[in-house]
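Colleague: Could you take a close look at one part of this model for me, and describe with care where its residues sit and what they meet? I would rather have one connected account than a list.

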Amino acid sequence: MLAILLLPEFSELEAALALEAARHLEYPAYTVAKGRKGTPALGGSVWTPTYAFPAAPPPKALLIPGARRPSRMAQDATYVAFVEEVWEGLEAVFVGFNAHLFLSEVGRLPSRVAAREEVAQALARQGFQLTDGPFHREAKVYTTLGGLSLLRALEDWAQKAIEL
């Protein structure tokens with residue numbers, strides 16, 4: 001299962017791309033958030049997550065869409081606890097346009113990353129190494145430039161899973 005973590009003011013484009021990619025790949029997916037009430041998105045829509053953290057089934061993959069202030073959510077113990085709870089069972093983690101900042105604060109961002117310019121500058125100041133290309137996989141974490149790059153990363157993972 002692919003869990004799509006809805007941080008407040010998340011990118012609905014990235015969440016929708018992930019849901020559509022999962023549907024196309026015939027891979028089960030769901031949205032998850034801190035609670036079951038509506039979660040506001042960047043574009044003004046409000047999404048009702050499929051599950052709240054305590055009730056979500058264990059995912060095999062986690063996608064974190066970009067959000068307005070992702071690093072701030074890493075200060076919320078509930079979000080951190082969810083990531084820590086599912087981390088070991090994950091085969092892949094996908095990072096949207098600036099969700100790197102969330103994983104960095106949680107201590108789960110790998111040392112080499114692909115990132116958009118504005119995010120790349122912040123990460124470089126923190127000592128992360130930047131790579132070229134739309135996405136980069138290190139261990140189980142796919143860092144991306146966001147948007148369609150996130151879709152390419154999902155397709156790369158799906159292709160590798162089929163080969164196994």
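Modeller: Helices (H or I, at least four residues) and strands (E, at least two) are DSSP runs, numbered from the N terminus. This is a predicted model, in which local features need pLDDT of at least 70 and side-chain atom pairs count only at pLDDT 80 or more, while totals for chains, interfaces and linings use all residues. Residues are numbered from 1 along each chain as its sequence is written, and side-chain values use heavy atoms, with hydrogens and water left out.

With a relative accessible area of 22%, Glu 9 is partly exposed, whereas Ser 11, at 8%, counts as buried; here buried means under 20% relative accessible area, exposed over 50%, and partly exposed in between, computed with a 1.4 Å probe on protein chains only. Leaving aside residues up to four places away in sequence, Ser 11 touches Leu 42, Pro 65, Gly 66 and Phe 97, a contact being heavy atoms within 4.5 Å.

Most residues other than glycine have a negative phi.

The side chain of Glu 9 leads us away from the loop. It meets the side chain of Arg 68 in a salt bridge of 2.7 Å, N to O, the term standing for a side-chain nitrogen of Lys or Arg within 4 Å of a carboxyl oxygen of Asp or Glu. Arg 68 lies in the loop between β6 (61-64) and α2 (70-73) and Glu 9 in the loop between β1 and α1, so the pair ties together parts that are 59 residues apart in sequence. Arg 69 forms a salt bridge with Glu 9 too, with the closest N and O atoms 3.2 Å apart. This second pair likewise links distant parts of the chain, 60 residues apart, as Arg 69 is in the loop between β6 and α2. Both arginines are partly exposed, Arg 68 with a relative accessible area of 42% and Arg 69 with 39%.

Taken together, Glu 9, Arg 68 and Arg 69 are linked in a network of salt bridges, and the structure holds six salt bridges.
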